[in-house]
Amino acid sequence: EGLGVQEYTALKLRVKEWASSAQSKIEGKIPQSGDVYFVPATLRPETMYGQTHCFVGPTITYGIYEMKKGKEYYFISDRAARNMAFQSIFPSWGEYHKVAELQGADVVGTLVHAPLSAQKDGVRILPMDSVKASKGTGVVTSVPSDSPDDYATMIDLVKKAEYYKIQKEWADVEILPIIETPSYGNLTAKFLVEKMKISSPKDAKQLAEAKDLAYKEGFYQGKMIYGDFAGKSVEEAKPLVRQQLIDAGDAFAYAE
Ligand code: A2H
């Protein structure tokens with residue numbers, strides 16, 4: 001963070017079934033022929049096998065933006081749409097067209113297809129209070145095996161499903177080991193959250209520390225134990241998985 005550019009991988013998660021609150025807000029605004037994609041920005045493309053959910057900030061305002069008229073639409077923050085327009089991601093440079101506006105809370109429960117995820121039937125959109133509107137696309141794909149923030153949020157959602165107004169079984173998804181590290185085993189995020197006794201997704205300071213440890217250990221010592229590059233180091237696998245996703249049309253480069 002700070003100075004310099006973050007090179008994100010923006011992943012395309014196609015909507016399979018809208019939550020009813022979202023359905024009524026998009027009615028008549030997106031043609032039958034159109035696919036809508038939730039577009040999370042990630043720094044860890046090699047972990048995409050382990051996606052279990054996709055998070056939005058419940059109070060953040062999002063737009064559905066036209067990518068290919070009548071065909072392809074992106075669910076992202078307004079800020080991300082503006083940035084994408086100036087990175088030649090939308091068809092005309094500097095232009096972006098919003099066809100619908102929704103709050104994060106409206107889309108909770110929506111089912112999306114997550115590329116590479118072992119969850120072949122799809123993953124649910126769930127709320128995460130710590131999602132920042134000012135970073136990435138405002139959409140975060142959840143990998144609870146390797147991201148302490150994602151793990152702590154998922155545990156809280158399972159524990160307090162009623163409070164979050166979600167179905168418990170949406171949150172309670174099996175965590176898949178995908179990366180092995182010498183210090184933290186094959187479920188790095190769970191290991192660190194438990195070891196550091198992090199009890200809530202609101203423990204921001206401790207989670208930042210856990211995130212740092214997980215990221216460094218994963219990148220420099222991690223080995224893939226799942227997927228097409230099993231056996232390779234994380235450092236080697238990262239650009240390979242990213243390129244594979246881009247070549248398949250499931251992802252694109254996004255910087256900020
Ligand atoms: B990462 P940086 Cl497995 N608000 O992806 C909060 N967090 C956001 C965000 C937003 N608006 N946009 C992206 N992020 C998350 C995977 C992952 C990530 C793993 C492990 C660590 C990790 C799965 N979630 O990030 O501040 C996204 O989560 C720790 C660095 O730009 C994204 O990558 O450095 C990362 O934060 C970008 O954070």
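This is a predicted model: local features need pLDDT of at least 70, side-chain atom pairs count only at pLDDT 80 or more; totals for chains, interfaces and linings use all residues.

Colleague: Which residues does I179 touch, not counting residues up to four places away in sequence?

Modeller: I179 touches T47, D146, N186, T188, G218, G222, K223, M224, I225 and V234. Contact here means that the C-beta atoms of two residues, placed from the backbone, lie within 7 Å. Residues are numbered from 1 along each chain as its sequence is written.

Colleague: Why is I179 called buried?

Modeller: A residue is buried if 20 or more other C-beta atoms lie within 10 Å of its own, exposed if 12 or fewer, and partly exposed in between, with C-beta atoms placed from the backbone. I179 has 31 C-beta neighbours inside 10 Å, so I179 counts as buried. I179 is found in strand β12 (residues 179-180); strands (E, at least two residues) and helices (H or I, at least four) are DSSP runs, numbered from the N terminus.

Colleague: S88 and L116, please: what makes each of them buried or exposed?

Modeller: S88 has 10 other C-beta atoms within 10 Å, so S88 is exposed. L116 has 20 other C-beta atoms within 10 Å, so L116 is buried. Each has a positive phi although neither is a glycine: about 55° for S88 and about 75° for L116. S88 sits in the loop between α2 (78-85) and β8 (98-103), while L116 belongs to the loop between β9 and β10.

Colleague: How do you know that the span of α4 is close to the expected one?

Modeller: The expected span is 1.5 Å times one less than the number of residues in the helix. Helix α4 (residues 148-159) has 12 residues; the expected value is 16 Å, and α4 reaches 17 Å from its first C-alpha to its last. Its buried residues include P148, Y151 and L157, and the buried residues of α4 pack against β5 (53-56), β10 (123-127), β11, α5 (168-171), α6 (188-195) and α7.

Colleague: What makes β1 and β4 a pair?

Modeller: Two strands pair if DSSP finds at least two bridges between them. Strand β1 (residues 7-11) and β4 are joined by 2 bridges and run antiparallel. In β4, T42 is the bridge partner of T9. The open sheet has 3 strands in the order β4-β1-β14, with antiparallel pairing.

Colleague: Why are β4 and β14 said to stand at the edges?

Modeller: Each of β4 and β14 (251-255) has a single partner strand, so one side of each is left without a neighbour in the sheet.

Colleague: Which residues are closest to the ligand?

Modeller: The closest are T42, G136, V143, D146 and S147, among 22 residues that surround the ligand; a residue counts as near if its C-beta atom, placed from the backbone, lies within 6 Å. Elements giving two or more residues to this shell are β4 (41-42), β11 (139-142) and α7 (204-221), and β11 gives the most, with 3 residues.

Colleague: How confident is the predictor, as pLDDT shows?

Modeller: pLDDT is the predictor's confidence in each residue, from 0 to 100. The mean for the protein is 97, and 99% of its residues reach 70 or more. For the complex, the predictor gives an ipTM of 0.98 and a pTM of 0.97.
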